[in-house]
Amino acid sequence: MPLEIEGTLSRTGQSTDTAKASGARLELRNLSKAFGGVRAVDDISLDVPAGAFVSLLGPSGSGKTTTLNLIAGFLTADAGDILLDGRSVADVPSHKRNIGMVFQSYSLFPHMTVAENVAFPLRMRTKLSREEARRRVADMLALVQLSHLAARYPRQLSGGQQQRVAMARALVSHPRLLLMDEPLGALDKKLREQMQFEIKRIHRTVGTTVVYVTHDQSEALTMSDIVVVMHQSRIAQVGAPRALYDAPANLFVADFLGDSNLLPGTIVEAGSAGVLVEVAQGQRVKVTRAEKAPSVGSRAVVLIRPEDMSVHAGPTQSDGMDSLAGTVRDISYHGDSYKLDVAVGEHALKVRLARVSGNGVELGQRVVVAWRPDAARLLPAEDSGLGADGAQP
Amino acid sequence: MTALAPAMAAARPGLLSRPSTVPALLLLPCMIWIVFFFLLPLALMCWRSLASEGFSLAAYAVLFSSPLYGKVMGTTLKMASIATVCALVLAYPIAYVLTVAGGKLRGLILLFVLIPYWVDIIVRSFSWLIMLGDNGLINKTLIELGLLREPLPLLYNMFSVLIAMVQIVLPITIVTLFGAMLRIDRTLIAAAKIHGASEWQAFRTVFFPLSLPGVYGAGLLVFILAFGFYVTPALLGSPKETMIAQTIMIEASQLLDWAQASAAGAVLLAITTSIAAIYNRYFSLDRLWGGSEP
């Protein structure tokens with residue numbers, strides 16, 4: 001591995017810096033790590049293709065930061081292996097892994113200027129001439145649009161600017177893997193969205209593989225090629241953002257990503273056309289998309305996203321819409337949309353309506369909540385660590 | 001406005017419920033103590049240095065013109081500087097190990113650092129007599145081993161005074177440095193390592209530069225302490241190692257020249273205060289007691 005790094009560096013050193021450095025392929029093999037008997041990472045395996053942007057998404061304590069620290073080499077795994085481009089890095093210390101990292105608190109060196117911070121990896125890793133190093137630093141600062149602040153010290157910069165310096169420092173030596181640990185956590189919402197865009201732009205420019213840790217689902221969904229949802233030290237599901245949102249594999253992912261209505265019930269009919277689930281006394285819901293045909297009589301949970309539902313004043317059963325009748329219990333206005341709480345039997349359905357269609361709805365009104373049957377998904381009922389809806393037997 | 005004024009006066013909280021009252025009351029006993037037992041004697045000392053026979057600066061003139069005081073001051077500066085540098089050099093590695101060590105090891109080292117600190121200065125100075133004397137532990141052992149014929153002159157010289165001074169100030173040097181090092185963000189070291197720095201490079205380029213303000217702070221503290229040493233040079237030194245505090249003592253208790261002693265005391269005070277002021281100007285004293293970075 002170190003030999004290859006040298007090769008990469010001297011090559012890119014000669015060529016122009018706008019040339020794409022190729023990212024490394026990252027593989028985690030049955031990775032485990034415990035702290036004092038508590039498993040922080042429990043048998044995790046993951047393949048990250050070269051150049052991909054992967055998010056580790058999960059609530060705090062789900063093991064995502066520990067996984068990142070294992071990849072960085074700050075921690076040693078109890079079991080399992082980490083491979084970069086097919087080669088194990090288990091015995092390679094952090095400073096020889098050729099990884100760039102952006103820390104949650106940025107961790108810029110306070111006693112160095114912006115330019116010195118960015119030059120640091122070059123000083124440590126390469127034998128570039130001073131001229132060449134200066135040019136690389138200048139190019140990097142131009143990429144993050146901070147050329148004018150090169151002589152400042154980190155404490156003289158705003159959070160967003162420090163974030164950019166941290167990016168520049170992490171990328172200047174053309175690492176084949178970039179680790180980012182909740183890098184936008186300390187920024188306000190507007191700046192965060194701007195930086196998400198910025199990070200994606202930089203990722204497209206440099207082409208390095210990125211592993212991005214976040215607990216913010218919208219951040220993970222908007223930025224990533226692949227999202228790894230983590231839960232209780234394990235991987236709950238891996239997939240493209242759309243696949244995860246549209247077809248969650250289990251209740252945790254369904255509940256964690258976005259808003260969801262999870263209706264537990266019993267399967268009363270299973271055929272080629274779909275599945276019928278009784279979610280309450282006499283109230284049946286049709287699910288047309290189910291991967292595995294479940295057996296009649298077994299327990300299951302139906303997932304319907306609040307934004308897939310519409311509300312009607314009376315029974316308008318046209319074009320095969322599925323529906324449940326209920327009473328509007330709560331309405332909250334969110335600018336672009338309304339969020340409704342509709343009581344259906346003992347269930348409370350969350351419905352999200354676009355601004356225009358929600359204007360007429362009133363509190364206490366009897367309504368019919370309708371959705372297209374292919375918007376409903378069937379999930380296995382048994383799952384660990386789930387919210388109230390699914391935990392009901 | 002006029003209608004509002006009485007209402008505002010009525011709304012004004014009573015003396016006891018005002019937010020600044022409680023801190024002031026809590027500070028009061030301490031302030032009284034400091035005024036009566038520190039500031040007042042200090043003021044008396046300064047007054048006495050000026051007013052021996054009417055108002056005159058005679059005592060100060062003697063202080064700055066007599067070769068004796070010049071020599072003593074030179075010795076004091078030299079001894080305090082050497083002791084400070086030696087203490088810093090010895091303390092730095094120990095403080096560093098304390099910083100990186102885990103809980104149990106850290107506790108153990110701290111214990112060994114602090115036990116001597118709790119022993120009285122006079123006792124510690126005396127213990128060096130036993131170690132360094134002609135019939136002391138070191139000479140006796142070396143002679144019995146046949147390595148020496150005559151005992152080494154280890155006592156009553158600059159060496160013996162310095163070794164004891166360093167030993168006495170070492171615990172406080174270590175603890176002060178340790179406190180400063182603990183405040184260095186450890187993720188900066190991780191950041192250095194992931195970006196290509198080996199353990200040693202990370203120390204040299206990141207940890208050490210960031211620890212320097214702590215080194216200066218500890219150095220200042222130790223220097224001021226060493227500057228006022230009295231018992232140690234008196235017990236372990238020869239007249240050549242006479243330091244300023246001893247001279248003041250001789251003036252006051254043997255020559256009974258209180259004006260002269262007061263003047264020397266005032267100058268000693270001025271020197272240490274100005275060192276602290278210079279440090280505060282550049283590094284901010286707050287850091288010594290755990291304040292934030294400037």
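Colleague: Before anything else, what counts as buried here?
Modeller: A residue is buried if 20 or more other C-beta atoms lie within 10 Å of its own. This is a predicted model, and the cut-off is applied to its backbone-placed C-beta atoms.

Colleague: Then is A:Asn98 buried or exposed, and why?
Modeller: A:Asn98 is buried, because it has 26 C-beta neighbours inside 10 Å.

Colleague: Where is A:Asn98 found?
Modeller: A:Asn98 sits in the loop of chain A between β5 (87-88) and β6 (99-102).

Colleague: What about the phi of A:Asn98?
Modeller: The phi of A:Asn98 is positive, about 55°, although A:Asn98 is not a glycine.

Colleague: Which residue other than glycine has a phi near 70°?
Modeller: That is A:Ser233, and the value is positive. A:Ser233 belongs to the loop between β9 (226-231) and β10 (234-239) of chain A.

Colleague: Buried or exposed, this A:Ser233?
Modeller: A:Ser233 has 22 other C-beta atoms within 10 Å, so it is buried.

Colleague: New topic. How many residues of chain A are in contact with chain B?
Modeller: On chain A there are 18 residues in contact, and they meet 15 residues of chain B.

Colleague: Which elements of chain A give two or more residues to that side?
Modeller: Those elements are β6 and α3 (114-125) of chain A. The most comes from α3(A), which gives 4 residues to the side of chain A that touches chain B.

Colleague: How do the residues on that side divide?
Modeller: The side of chain A that touches chain B has 9 nonpolar, 7 polar and 2 charged residues.

Colleague: And the domains of chain A, what are they?
Modeller: The domain assignment gives domain 1 (2-246) and domain 2 (259-314 + 323-381). The C-alpha centres of domain 1 and domain 2 of chain A lie 40 Å apart.

Colleague: What is the average pLDDT of chain A?
Modeller: Chain A averages 85, and 89% of its residues score at least 70.

Colleague: Where is confidence lowest in chain A, and where highest?
Modeller: Confidence is lowest in helix α11 (residues 388-391) of chain A, with a mean of 35. Strand β3 (residues 53-57) of chain A is highest, at 96.

Colleague: Which stretches of chain A have pLDDT under 50?
Modeller: One of them is residues 1-20 of chain A, with 19 contacts beyond four places in sequence in the model. Residues 384-393 of chain A are also below 50, and that stretch has 16 contacts beyond near neighbours in sequence.

Definitions and conventions
Residues are numbered from 1 along each chain as its sequence is written. Chains are lettered from A and ligands numbered from 1 in the order in which they are written. This is a predicted model: local features need pLDDT of at least 70, side-chain atom pairs count only at pLDDT 80 or more; totals for chains, interfaces and linings use all residues. Domain bounds come from an automatic or database domain assignment. A residue is buried if 20 or more other C-beta atoms lie within 10 Å of its own, exposed if 12 or fewer, and partly exposed in between; C-beta atoms are placed from the backbone. Two residues are in contact if their C-beta atoms, placed from the backbone, lie within 7 Å. Ala, Val, Leu, Ile, Met, Phe, Trp, Tyr, Cys and Pro count as nonpolar, Asp, Glu, Lys and Arg as charged, and the others, Gly among them, as polar. pLDDT is the predictor's confidence in each residue, from 0 to 100.
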